[in-house]
Amino acid sequence: MNYIQIKLRAGKEESLLRFHPWVFSGAIQSMSGQPDEGDVVEVIDSRGEFLGRGHYQIGSIAVRILTFEPRDIDLDFYKERLRAALEVRRSIGLLDGDYNDTCRLVHGEGDYLPGLVIDLYGRTAVMQAHAPGMHYARRLLAQALQEVMGGAVQNIFYKSETTLPYKAQLDASNEYLLGGSADDIAVERGLKFHVDWLKGQKTGFFVDQRDNRALLERYARGRSVLNMFCYTGGFSFAAMRGGAKLVHSVDSSSKAIDLTNKNVELNFPNDGRHRAFAEDAFKFLEHAGSDYDLIILDPPAFAKHKNVLRNALQGYRKLNAAALEKIASGGILFTFSCSQVVSKNDFRLAVFSAAAQTRRKVRILHQLAQPADHPVNIYHPEGEYLKGLVLYVE
Ligand code: SAH
């Protein structure tokens, strides 16, 4: 195949030679033609040497490299990438029969497929494009996925209405690329939950907290648990299985609260230990008692861009201070940030400030991160986004 070539300015090939998969628009010297958004282009250095091939896009990231080898981006290419992604999950014991049929199969750059996310919920795969190139490749990707997964995937739901760059004007509509009506119950570590991939946030469930929920479960016995920003209740039913004395779930969205109640009921029918509240987290904490001795704070990303970082850090400080004010002595706080632009150190500093403000004695028990099915390509540290601290508070 013939590809439009994008030539980089002298010296701008360095990051690509170190396998970083992004070409910034400022690095481009010239193009052999005008590619359309989403086209596969070839990137060469200032002397004309081949560097890689990837999806072209208008914006500050101009090319997302798919391969550093001179090969075609076709069905075989995508099948190979998907097979490799599946192999990683299988080799670490995920997707192991009935006990766990939920995981992230493709984590963008972490699986050498920049701009693509695929989450698996039982027999349904939810596919999300974050770049125009993946949007245009969606049918090819669906075919590749079907061939790689065989009968294990019977529905593929494409959900990119809100994740593609607005300027690209792709008007992507959410749709099934395979199958349709489906069983909406999936299983994480033996716990069942309904997934609303049609209308729910992200792909329908926060798969990235699986390991952290498992840790919480270990600490829940006999405790009074407050699960803030509960969404579909993942931490709540883990706490219940762990033997919590009571579990209160809070989310400002009443739809989320309905789903949490439904999911708790699915696993623990008629269990009086759980109550859910549709309320703003800050307001709830203001009037909360001081009996909770296990609190989870898993808010949405407070910073989506670098320019709002300062405000975001203030937000994390305030939220954590509010929880640290209220938590019982001997309590454990699980606190998270999923903002990619907030570094591990930034987040720790925000929590430190919160602790200092409340003057509680606080020790760090664990430093948490995203699980193995959200791998970070070592050449692309930007792929690291979830961080958490588990604190012991006296
Ligand atoms: N912990 C969840 C994921 C949290 S997603 C899980 O394990 O699945 C973030 C959630 O925060 C969303 O459900 C959103 O509705 C909720 N939210 C956003 N702002 C809020 C606020 N001010 N108070 C309470 N909940 C809020």
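These legends describe close-up views of a predicted model. Residues are numbered from 1 along each chain as its sequence is written, and side-chain values use heavy atoms, without hydrogens and water. Local features need pLDDT of at least 70 and side-chain atom pairs pLDDT 80 or more, while totals for chains, interfaces and linings use all residues.

**View 1. Residues around the ligand.** The ligand is surrounded by 15 residues, each with a heavy atom within 4 Å of it. Arg213, Asp251, Asp280, Ala281 and Asp298 are the closest. The shell holds seven nonpolar, three polar and five charged residues (nonpolar: Ala, Val, Leu, Ile, Met, Phe, Trp, Tyr, Cys and Pro; charged: Asp, Glu, Lys and Arg; polar: the others, Gly among them).

**View 2. N and O atoms at the ligand.** A polar side-chain atom of Arg213 is 2.8 Å from a ligand oxygen atom. A side-chain N or O atom of Asp298 lies 2.7 Å from a nitrogen atom of the ligand, and a backbone N or O atom of Ser252 lies 3.1 Å from a ligand nitrogen atom. The ligand taken alone exposes 580 Å², and the protein buries 88% of that (Shrake-Rupley method, 1.4 Å probe).

**View 3. Domain 1 and domain 2.** An automatic or database assignment sets the domain bounds: domain 1 covers 5-67 and domain 2 covers 75-189. Their centres, taken over C-alpha atoms, are 26 Å apart. Ten residues of domain 1 contact 14 residues of domain 2 (heavy atoms within 4.5 Å).

**View 4. The salt bridge between domain 1 and domain 2.** One salt bridge is counted between these domains (a side-chain nitrogen of Lys or Arg within 4 Å of a carboxyl oxygen of Asp or Glu). The side chains of Arg64 and Glu109 form a salt bridge, at 3.6 Å from N to O.

Note on methods: Polar contact = N/O pair within 3.5 Å; in protein donor to acceptor, adjacent residues only side chain to side chain.
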